[in-house]
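Dear colleague,

Please find the structure below, handed over for your study.

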Amino acid sequence: MSGTRAARPLAAVAALTAAAATVAGAVLETGLPLPPSQWAFISVSLILPAVGWLLAVRRPRNAYGWLLLAVALCVALGGLGIALLPFLGEEQAVAPASVPASVLASVLTSLMSVSYGLSWVFVPLLFPEGRLPSPRWRPVAVAAAVAIGVEWTGVLLHPGRVHQDVPLDNPLAPPGEWPRLAAALAGGVGELAVFLIALVVLGGLVVRLRRPGPRGPLAWIVAGTAAALAGYALLTVYGFSHSPVPAQWIGGLTVTGALPAAIGVAVVRHNLFDLRVGVRGSLLYLVFDARPSVGDLLTELGASLEEVEPVEQLGRLADAVRAGLDARWAAVELADGTRVVAGEESGPAALSVPAGMGRISCGPKVAGRVTREDQRLLAALAVPVGLAIQSAALAARLVNAQEAERRRIERNIHDGVQQQLVALIAGLELARATGGGENALALLREQARQALADLRELAAGIHPSVLEQGGLVEAVEERCAGLPVPTTVTADPGLRTRRFSDEIEGAMYFTVSEAIANALKHAGASRIEVRLSQDGGRLRVSVTDDGSGFDERGVARRGLGTLADRMAALGGGFELRTAPGEGATVRAWVSAHA
């Protein structure tokens, strides 16, 4: 709360400073009364500080509002510095100009170059949530920050005049030929680098436009950025001061007004940040709640979740809920008790709704009370949050299943084959010491064969080589060939030569293997039937036994419970039908094209 209270006066000072500097610069440049062109410039220039102030006050954690305020300050103070230069130039023509005044004008003027970099790169790149679209853009952002700093340093220390149209020498130009050359190069190289990076960002925006989801607001930002870059290129080609009058008008208007106007249209026309313009009676008024719409929030959330693993999605979900409702904290909780909290949790939840296999909750709002709009937004978020929770829970179960399988294999090796090999080695040592006869050697040979058989059986439960070489049907037939009960394997004719992905063949094979092991060890089956088929674009497998059956609530302890998760991860399904005394049937299926 203290941060929110501090944001209000800071945002107000920044916005008022930008507005006052804009008006003062316009008045100094043309005098009173202001011509229509200056009124148009002032109107467009006030869009950024107005929207920036509203966002910074209501959404202090959203960096975009502060970015707009920074751009507005650089533009306004830079324009004020340029407006002051003619007065200082006239003073210098009569007598040496005041050094403090010249330094101040030079510093203010140099901020205009900073405004270009912030406007062309970071304003479109961070739109609208104040963060990078993905971590892949981090190097671009760092390069842009460095380029902006280099350009600003070069402009600030550039030798010669502060502005080419004003006979006022730059008081900050360094002495010596090489430092002056370095400053001049820094300004030119930095300017070129910023422009090229801006083109890269513009290309990224165009790519984002082709993705599914709301495109209206982003389309306006793309248009505004493209117009601003085109106007700057036009002025650069002709020369800022020597351009034809139409080129100066077009270039100047697009450079200074295209992007602010685009932001204004995006805000008003598309209800961006829930900032709306309406008419009540004869008064024009603003309604502002600084809240992303449900559609925008879901679009941004979907793009954010694509970049992280399922387990990490819970943190992104909690952050999205907290930001969307402007809550002090938000939590996403799984059915197993796993709980991820964004913010500092304190006090009871103000809102809480079920979401799939879990629940989402949020604390009190940072400012104001919980409204019906908050309830609607949280209910809308429950759908994607529920899907992500289900995905995270599935990933966790798969990880646990893999760990359990690893421990099972380790236990089987330790308790079975390892002990047999230890006994075999001891027997060999004893036979060597005592000169064991034919009976002792026969016993050792039998022990070795048994160890080999156990190793083969253990390997069959891991990943048999025949599955890679001969395919699914041949691997299942080999698995069933040595069973102690009659087992029938039938398969559609085309499946014997058909190959599928490793994931599909492995999942189907282990389904058969686990079902057979369960029938033999726990159901006491005397007959097993295995069926492999393909129809309707699905690969299917079924394993039926005539055993005693079992209680489905104990399936997870026998390993069949993890098969459902494995099939679900492949977009397939799993079904178990059993009851005490009625045998069991296991069915699994997956898309043959997965």
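**Aromatic pairs and a helix contact**

Tyr232 counts as buried, at 6% relative accessibility (buried means under 20% relative accessible area, with a 1.4 Å probe and protein chains only). Please note that this is a predicted model, in which local features need pLDDT of at least 70, side-chain atom pairs count only at pLDDT 80 or more, and totals for chains, interfaces and linings use all residues. Residues are numbered from 1 along each chain as its sequence is written, and side-chain values use heavy atoms, leaving out hydrogens and water.

Trp120 is also buried, with a relative accessible area of 3%. Seven aromatic pairs are found in the whole structure (rings of Phe, Tyr and Trp, the last by its six-membered ring, pair if their centres lie within 6.5 Å; planes over 60 degrees apart count as edge-to-face). One of them is edge-to-face: the rings of Tyr64 and Phe127 have centres 5.9 Å apart and planes at 70 degrees. Both Tyr64 and Phe127 are buried. The rings of Trp120 and Tyr232 have centres 4.6 Å apart and planes at 70 degrees, so this pair is edge-to-face. Tyr116, Trp120, Phe195 and Tyr232 form one aromatic cluster.

Turning to the helices (DSSP runs of H or I, at least four residues, numbered from the N terminus), the axes of helix 6 (residues 138-156) and helix 7 (residues 177-209) come within 7 Å and cross at roughly 150 degrees (axes are lines fitted to C-alpha atoms over the stretch in contact, and angles run from 0 to 180 degrees between N-to-C directions). Helix 6 is therefore roughly antiparallel to helix 7 (angles over 145 degrees).

With kind regards

Note on methods. Helices (H or I, at least four residues) and strands (E, at least two) are DSSP runs, numbered from the N terminus. Angles under 35 degrees count as roughly parallel, over 145 as roughly antiparallel, 65 to 115 as roughly perpendicular and the rest as oblique. Rings of Phe, Tyr and Trp (its six-membered ring) pair if their centres lie within 6.5 Å; planes under 30 degrees apart count as stacked, over 60 as edge-to-face and the rest as tilted. Buried means under 20% relative accessible area, exposed over 50%, partly exposed in between (1.4 Å probe, protein chains only).
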